[in-house]
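This report looks at open spaces in a protein model and at one of its helices. Please keep the sequence and the structure in view while reading.

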Amino acid sequence: MKPDLNRIQIAPGVGKRAAFEQRESGILHTPLQAETAFYDCIRQGDVQRLQEKMEQYLNSGFVIGRLSNDSLRQMQYWAVSSITLAARAAMAGGLEQISAYNLSDHYIQCADNLKSGGEILEFLTEKAVELTLLVSQAHKRLRYSPHVRHSIDYIERHLYEKISVPAVAESCSLSPDYLSAVFKKETGQNFMDYLTELRVNKSKELLCRDDLSVQDVAELVGSRDLKYFSRLFKK
């Protein structure tokens, strides 16, 4: 379902009179318990339950604090706080800190460039699912053998450089053939397909930035050939 901005209410009142006006109007902040349950879905990497919670909130409505008298800035400020909490829930769930912090910064920059409250709400619901999927993947990694975990870490640390199976195998003190076989058995993907998918997903994040051209993004994810990069992205 497409999120409906009209389902969000802003808590009335400012300053010392805020609590009085909220009690009088009956429009109180969404309880902490409900908010905690939502972020627990991210921490646990539970995409299905997260989507159920979001649908529940969007159908029944929820209340957020008054952060600005400007409607767009109100939503932008709320986006910043929501993204920050979501990133910390993801870290608590096992997502690597550098990835979580960088995603948080990137999401905030993207939200800052959006032009309406409706766009921001849709963006937040989309990224909540994306972040939860990443946590779910992080949980799966814990079940991988040390060699496969090391290989994935190596890929992420050298994502913007030239990466080959022999180089990664050497870092694991394994033969390329053995590493390839183990990697495919445990992840369900061959090494190069995994690398390509990771690079394409990273390029999708970078393409949101106004200061980078497609050529810049291609080079950043390790592809000097723009035509080849375009074919991979389309595929």
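Which helices and strands each supply at least two residues of the lining of the second largest pocket? They are α2 (32–44), α3 (47–60), β2 (62–64), α4 (71–92) and α6, where helices (H or I, at least four residues) and strands (E, at least two) are DSSP runs numbered from the N terminus.

The model is predicted, so that local features need pLDDT of at least 70 and side-chain atom pairs count only at pLDDT 80 or more, while totals for chains, interfaces and linings use all residues. Residues are numbered from 1 along each chain as its sequence is written, and side-chain values use heavy atoms, with hydrogens and water left out.

A pocket is an open set of points on a 1 Å grid over the protein atoms alone, where a 1.4 Å probe fits, with protein on both sides within 12 Å along at least five of seven lines, and its lining residues have an atom within 4 Å of a point. A volume is the space filled by probe spheres set on the points, which are joined across faces, edges and corners.

| Pocket | Volume | Lining |
|---|---|---|
| Largest | about 1,400 Å³ | 42 residues |

In the largest pocket, Leu 134, Glu 156, Leu 198, Lys 202 and Glu 205 lie nearest the centre, and α6 gives the most to the lining, with nine residues.
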